[in-house]
Amino acid sequence: QVQFVESGGGSVQPGGSLRLSCVVSGSGFSIYTMAWYRQTPGKQRELVAPITNGGQTDYADFVRGRFSISRDNANKTAYLQMRNLKSDDPAGYYCHCNVFSSYRDKWDSHWGQGTQVTVSS
């Protein structure tokens with residue numbers, strides 16, 4: 001079973017920084033791509049940044065140059081360093097991973113519970 005612990009959300013002023021963490025636990029699977037998504041009420045969840053198990057990254061245009069995704073494969077952890085937070089960044093931020101389950105012999109997609117980010121002066 002894949003379980004998540006997300007942390008690091010909170011409230012900051014515009015221009016501030018936060019670092020989100022996503023720790024995945026469980027056994028019987030291998031993690032491939034990890035990613036951060038965000039969602040605000042009434043809107044679809046949108047991709048912020050993915051990272052492969054080889055360390056390749058990509059970023060949505062609205063965070064490029066401000067956010068940085070990284071991961072620690074040994075500890076099944078992904079991070080999202082967010083800098084220069086803006087008034088349109090507040091959202092629930094969700095960790096996602098694609099895993100290959102050795103028990104089920106198939107690919108699975110899993111979501112974390114989300115962590116809230118607020119930007120206000």
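Tutor: Let us begin with a definition. A salt bridge is a side-chain nitrogen of Lys or Arg within 4 Å of a carboxyl oxygen of Asp or Glu. Please keep in mind that this model is predicted. In it, salt bridges link R38, E46, R66 and D89 in a network.

Student: What makes the contact of E46 and R38 a salt bridge?

Tutor: The N to O distance between the side chains of E46 and R38 is 2.9 Å. The limit is 4 Å, and therefore the pair is called a salt bridge.

Student: Are these two partners buried or exposed, or in between?

Tutor: E46 has a relative accessible area of 32%, whereas the value for R38 is 7%. Buried means under 20% and exposed means over 50%. R38 is therefore buried, and E46 is partly exposed.

Student: Which residue is joined to R38 at the closest N and O distance of 2.9 Å, in a link between distant parts of the chain?

Tutor: That residue is D89, which forms a salt bridge with R38. R38 lies in strand 4, while D89 lies in the loop between strand 7 and strand 8, 51 residues apart. D89 has a relative accessible area of 0%, so D89 is called buried.

Student: Why is the pair of D58 and R64 called a salt bridge?

Tutor: The closest N and O atoms of D58 and R64 are 3.8 Å apart. This value is within 4 Å, so the pair is called a salt bridge. Here D58 is partly exposed at 41% relative accessibility, and R64 is partly exposed at 46%.

Student: How many salt bridges does this rule give?

Tutor: The count comes to seven salt bridges.

Student: Let us turn to cysteines. How do you know that C22 and C95 form a disulfide?

Tutor: The S to S distance of C22 and C95 is 2.1 Å. A disulfide requires cysteine sulfur atoms within 2.5 Å, so this pair is called one. The link joins distant parts of the chain: C22 is in strand 3 and C95 in strand 8, 73 residues apart. The angle about the S-S bond is -80°, and the link is left-handed.

Student: Why is C97 not counted in a disulfide?

Tutor: The nearest cysteine sulfur to C97 is that of C95, 6.2 Å away. The limit is 2.5 Å, and therefore C97 is in no disulfide. The count by this rule comes to one disulfide.

Student: What makes C22, C95 and C97 buried?

Tutor: C22 has a relative accessibility of 0%. The value for C95 is 0%, and for C97 it is also 0%. Each value is under 20%, so each of these cysteines is called buried.

Student: Which residues touch the most other members of the largest nonpolar core?

Tutor: They are M34, W36, L80, M82 and Y93, in a core of 30 residues. Strand 8 gives the largest share, five residues. In soluble globular proteins, nonpolar side chains tend to be buried together.

Student: Which residues does M82 touch, beyond those up to four places away in sequence?

Tutor: M82 touches G16, S17, L18, L20, R66, F67, Y93 and V117.

Student: Why are strand 1 and strand 3 said to pair?

Tutor: Five bridges join strand 1 and strand 3 in the antiparallel sense. Pairing requires at least two bridges, so these strands are said to pair. One example is F4, whose bridge partner in strand 3 is V24.

Student: How do strand 2 and strand 10 pair, parallel or antiparallel?

Tutor: Strand 2 and strand 10 pair in the parallel sense over three bridges, with G10 opposite V117. By contrast, strand 8 and strand 10 pair in the antiparallel sense over three bridges, and the bridge partner of G92 in strand 10 is Q116.

Student: Which residues form the covered face of strand 10, and which the uncovered one?

Tutor: T115, V117 and V119 form the covered face, while Q116 and T118 form the uncovered one. In a regular strand the side chains alternate between the two faces of the sheet.

Methods: Residues numbered from 1 in each chain as written. Predicted model: local features only at pLDDT ≥ 70, side-chain atom pairs only at ≥ 80, totals over all residues. Heavy atoms only, no water. Helix = DSSP H or I, 4+ residues; strand = E, 2+ residues; numbered from the N terminus. Buried < 20%, exposed > 50% of the residue type's maximum accessible area, 1.4 Å probe, protein only. Core = buried A, V, L, I, M, F, W, Y, C linked by side-chain atoms within 4.5 Å. Contact = heavy atoms within 4.5 Å.
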